[in-house]
Amino acid sequence: MRSYRAKMVEPIRLPDREEREAALEQAGHNVFNLDADAVYVDLLTDSGTGTMSDAQWAAMVQGDEAYAGSASFADLEAAASDVLGFDRIVPAHQGRGAENVLYGCLVDDGDVVLNNTHFDTTRAHVVEHGGEPVDCPVDGALDPETSGDFMGNFDTERARAVVDEVGADRVPAVVVTVTNNSAAGQPVSVANVREVRAFCDDIGATFVIDACRFAENAYFVREREPEFADATVAEVAREQLSYADACIMSAKKDGLANAGGFVGIRDDPSFDELFERAKQRAILYEGFTTYGGMAGRDLAAVAVGLREAVTDEYVRDRVEQVRWLGERLDEAGVPVVLPTGGHAVYVDAGTMCPHVPSEEFPGQAVVCELYREGGVRGVELGEFAFPGTDRPDLVRLAVPRRTYARDHLEHVVETAAAVADHAADLAGYEVVSEPPMAELRHFSAELRPLA
């Protein structure tokens with residue numbers, strides 16, 4: 001049963017099929033280019049697209065818009081300390097702003113950054129600063145047919161092999177993303193984080209946790225890691241993050257806000273220099289150190305959202321809604337990665353469209369058809385989004401927080417089932433224009449169908 005009720009509504013409509021066909025053509029068959037009012041159920045991302053609570057809106061009215069020394073920053077600082085265990089934070093306008101701040105301080109030309117699986121902006125920031133992103137997922141993590149309790153884990157043995165090859169001095173940072181967005185949103189265990197902590201100590205690297213979905217990950221830990229069966233989500237989250245030297249937070253995810261993010265840095269003398277460098281870099285790229293690209297009202301909303309995110313009632317509703325969608329899609333004959341992650345269901349487009357080779361983007365074929373069939377917007381996370389990385393051809397259906405009701409998700413199931421029924425008729429796509437940075441091409445490239 002839901003632990004909340006609606007207090008505000010927004011009218012939406014399903015454009016007719018001719019409108020959808022025209023919109024898709026005009027968008028260059030890239031759903032990032034669609035107008036939002038042309039979409040019926042929008043599962044493009046769960047980043048900043050959720051519904052905020054009445055407590056968050058109330059806090060926004062009282063937001064302190066002071067340029068320096070904002071009281072709302074003090075509230076956010078306290079929330080980050082209480083919820084995440086990081087007493088020192090550097091705010092940013094969103095997660096990728098925080099990535100720019102931190103990785104700009106940590107990564108130099110020729111460095112290698114290890115991650116359980118780099119997501120798009122993380123990979124791009126490492127490359128932008130002259131580094132080489134290397135993925136270290138556990139065996140089977142990138143195989144949609146392989147399941148397990150913690151398929152998002154970081155493979156320390158694979159990472160040690162990389163260090164043996166390049167040398168520890170070239171590895172300034174090790175990143176663990178929780179949950180692992182690029183590996184179908186699968187969770188990471190606390191035991192694995194402890195193992196990574198020991199690995200970082202061995203090689204002298206800074207241990208960073210990308211914590212944007214930390215609360216959802218903590219829910220899975222409580223479900224699947226016996227040590228934490230009797231813990232609260234808040235207790236698990238604090239324990240898991242306690243092993244990191246720094247964290248990246250996109251508050252648009254488990255901060256439950258529409259904007260914002262921050263870097264958290266451990267309050268330890270050995271990280272004083274990193275903290276000062278991050279603050280100065282943030283002033284250059286984000287804003288002063290007590291607002292960092294956020295309005296005071298945004299700071300206030302994130303401070304409340306962080307605390308709400310670790311309440312057992314909220315996170316149970318969140319994860320179970322996504323799980324319900326995944327199970328219904330599976331029952332309808334749509335190939336999905338099971339068990340589902342906490343924020344999204346991942347459709348296996350490679351299995352749905354075995355006749356479309358990876359270089360012709362079967363995931364993008366499914367994304368376009370989901371929109372054409374039912375006005376549902378998802379996102380491709382395969383060869384189109386991650387060129388040359390040998391990722392599986394997945395389509396992510398990311399569910400915004402506290403936003404859609406059961407009948408919206410039933411429409412998604414019906415739409416995806418209809419697409420699966422005629423998937424043999426789908427053709428692949430080719431790119432006709434793209435930006436210079438291949439790591440970010442899926443945001444703006446244009447494509448055309450091959451048939």
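This is a predicted model: local features need pLDDT of at least 70, side-chain atom pairs count only at pLDDT 80 or more; totals for chains, interfaces and linings use all residues.
On the helix 4 side, the contact is built from N100, V101, L102, G104, C105 and L106. Helix 10 brings L274, R277, A278, R281, A282 and Y285 to the contact. Sorted by class, the contact of helix 4 with helix 10 has eight nonpolar residues, along with two polar and two charged ones.

What about the geometry? Two packed helices are described by the angle between their axes and the distance between the axes. Helix 4 covers residues 95-106 and helix 10 covers residues 272-285; the two pack at an angle of about 130°, with their axes 9 Å apart.

Now for another pair. Helix 7 (residues 190-203) and helix 9 (residues 233-241) have axes that come within 9 Å and cross at roughly 15°. Since angles under 35 degrees count as roughly parallel, helix 7 and helix 9 are therefore roughly parallel to each other. Their crossing is left-handed. Helix 7 makes the contact through V190, V193 and R194, while helix 9 uses V236, E239 and Q240. The residues in the contact of helix 7 with helix 9 split into three nonpolar, one polar and two charged.

How values were computed: Residues are numbered from 1 along each chain as its sequence is written. Side-chain values use heavy atoms; hydrogens and water are left out. Axes are lines fitted to C-alpha atoms, for helices over the stretch in contact, and angles run from 0 to 180 degrees between N-to-C directions. Helices (H or I, at least four residues) and strands (E, at least two) are DSSP runs, numbered from the N terminus. Angles under 35 degrees count as roughly parallel, over 145 as roughly antiparallel, 65 to 115 as roughly perpendicular and the rest as oblique. A crossing is left-handed if the near helix is turned anticlockwise from the far one by less than a right angle, and right-handed if clockwise. Contact means heavy atoms within 4.5 Å. Ala, Val, Leu, Ile, Met, Phe, Trp, Tyr, Cys and Pro count as nonpolar, Asp, Glu, Lys and Arg as charged, and the others, Gly among them, as polar.
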